[in-house]
Amino acid sequence: MQATPGEFEIIRDYFAGAPRGEGVVLGIGDDCALLQPPADGLLATSVDTLVAGRHFPADADPAAIAARALRVNLSDLAAMNARPLWFTLALTLPHSDAEWLRGFADGLLQTAQAYGVSLVGGDTTKGPLSITIQVTGGSTAPLRRDGASVGDAVYVSGPLGAAAAALPLVLGQKLAGDSERKEAQRAYYFPEPQLATAAAIAPLASSALDISDGLLADLGHICEQSRVSADIDLHALPVAAIARQLAGEGALELAACGGDDYQLCFTVPQERIPELEQLGLEAVRIGTVIEGAGLSDNGERVRAWLDGERWFPESAGYQHF
Ligand SMILES: [Mg+2]
């Protein structure tokens with residue numbers, strides 16, 4: 001792999017005017033960044049790679065790609081109730097393209113500023129387009145996947161199905177008007193990391209994660225880690241308006257199984273429900289945690305119900321970018 005000198009400097013220069021965030025003793029420019037961990041709490045860290053043609057179309061708007069790459073990582077911090085602090089970026093680029101890089105840097109800068117997270121290091125390499133971001137946050141009250149108990153209520157933080165309904169438009173597989181296409185781009189490239197909701201529910205929730213692969217699959221991860229199972233009432237699912245608009249009757253299935261919305265799924269013990277309801281969140285109760293005994297780790301731990309009958313998705317699998 002051959003390095004492409006000079007390219008990262010474009011991003012660095014672009015970021016030079018950005019305010020230096022919390023805990024950054026020494027940022028980009030030396031062999032390492034020097035960072036001051038928060039005085040209390042834990043560091044939460046996560047890394048994610050997006051590959052062109054697999055996670056986003058190669059010809060997509062670079063600012064949108066950057067926004068999505070960072071937002072998706074920030075969503076993992078939200079899932080653990082960690083406050084965003086720092087991130088590093090590794091970019092693999094097929095060729096030197098200053099215009100693409102400026103667009104990418106612009107999208108990254110805007111997103112970083114919006115969420116108060118500082119870019120503290122980076123690397124570029126020549127090769128097929130891919131983006132790796134590692135984020136680090138601080139948490140005094142981390143949320144985890146392994147704390148759900150039988151009887152807990154299952155909640156989602158907001159509407160589901162938008163990104164999955166948007167994907168065919170984003171990929172150009174389905175034609176749409178200007179306003180629909182814009183809304184689809186927003187749903188897919190600009191998911192909202194649920195940081196405020198995570199902070200609000202942290203004292204009450206027994207478990208949480210962010211929904212990246214689809215509600216039923218991701219709730220299954222909570223169930224596996226917590227050694228429980230869950231019943232979900234599909235009538236209770238908050239289905240995104242754009243999903244109904246674009247997918248009609250298929251919207252419910254997209255809300256249950258489609259990914260990329262980055263809402264939170266979380267559980268709350270019965271006795272804490274009144275406090276949760278008082279918070280005035282958009283969160284909706286969709287089910288209940290039940291006994292998981294007798295189920296293997298690979299067993300179906302999440303049972304979806306519709307009008308009193310077990311419900312199974314019609315589609316065998318979902319296309320995720
Ligand atoms: Mg996650």
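Asp 213 counts as partly exposed because its relative accessibility is 40% (buried means under 20% relative accessible area, exposed over 50%, and partly exposed in between, with a 1.4 Å probe and protein chains only). The model is predicted, so local features need pLDDT of at least 70 and side-chain atom pairs count only at pLDDT 80 or more, while totals for chains, interfaces and linings use all residues. Residues are numbered from 1 along each chain as its sequence is written, and side-chain values use heavy atoms, with hydrogens and water left out.

**Asp 213**

- In the UniProt record, an unreviewed entry, the annotation "binding site" covers Asp 213; UniProt positions are given in the numbering used here, feature names are shortened, and annotations may be inferred rather than shown by experiment.
- Asp 213 lies in the loop between β8 (207-210) and α7 (215-226) (helices are DSSP runs of H or I with at least four residues, strands are runs of E with at least two, and both are numbered from the N terminus).

**Aromatic pairs**

- A pair of aromatic rings is described by the distance of the centres and the angle of the planes.
- The count comes to 3 aromatic pairs (rings of Phe, Tyr and Trp, the last by its six-membered ring, pair if their centres lie within 6.5 Å; planes under 30 degrees apart count as stacked, over 60 as edge-to-face and the rest as tilted).
- Trp 100 and Phe 104 are stacked, because their ring centres are 5.1 Å apart and their planes are at 10°.
- Both residues belong to helix α3 (residues 98-115), where Trp 100 and Phe 104 are 4 residues apart, about one turn of the helix.
- Trp 100 counts as buried because its relative accessibility is 14%, and Phe 104 counts as buried because its value is 0%.
- Tyr 155 and Phe 266 are also stacked, because their ring centres are 5.4 Å apart and their planes are at 10°.
- This pair links distant parts of the chain, with Tyr 155 in strand β7 (residues 153-156) and Phe 266 in strand β10 (residues 264-268), 111 residues apart.
- Both Tyr 155 and Phe 266 are buried.

**Charges over rings**

- The charged end of Arg 68 sits over the ring of Tyr 188, 4.3 Å from its centre (NZ of Lys or CZ of Arg must be within 6 Å of the ring centre and within 35 degrees of the ring normal).
- The charged end of Arg 186 sits over the ring of Phe 190, 5.1 Å from its centre.

**Domains**

- The protein chain is divided into domain 1 (7-139) and domain 2 (153-310), with bounds from an automatic or database domain assignment.
- In contact are 19 residues of domain 1 and 19 residues of domain 2 (heavy atoms within 4.5 Å).
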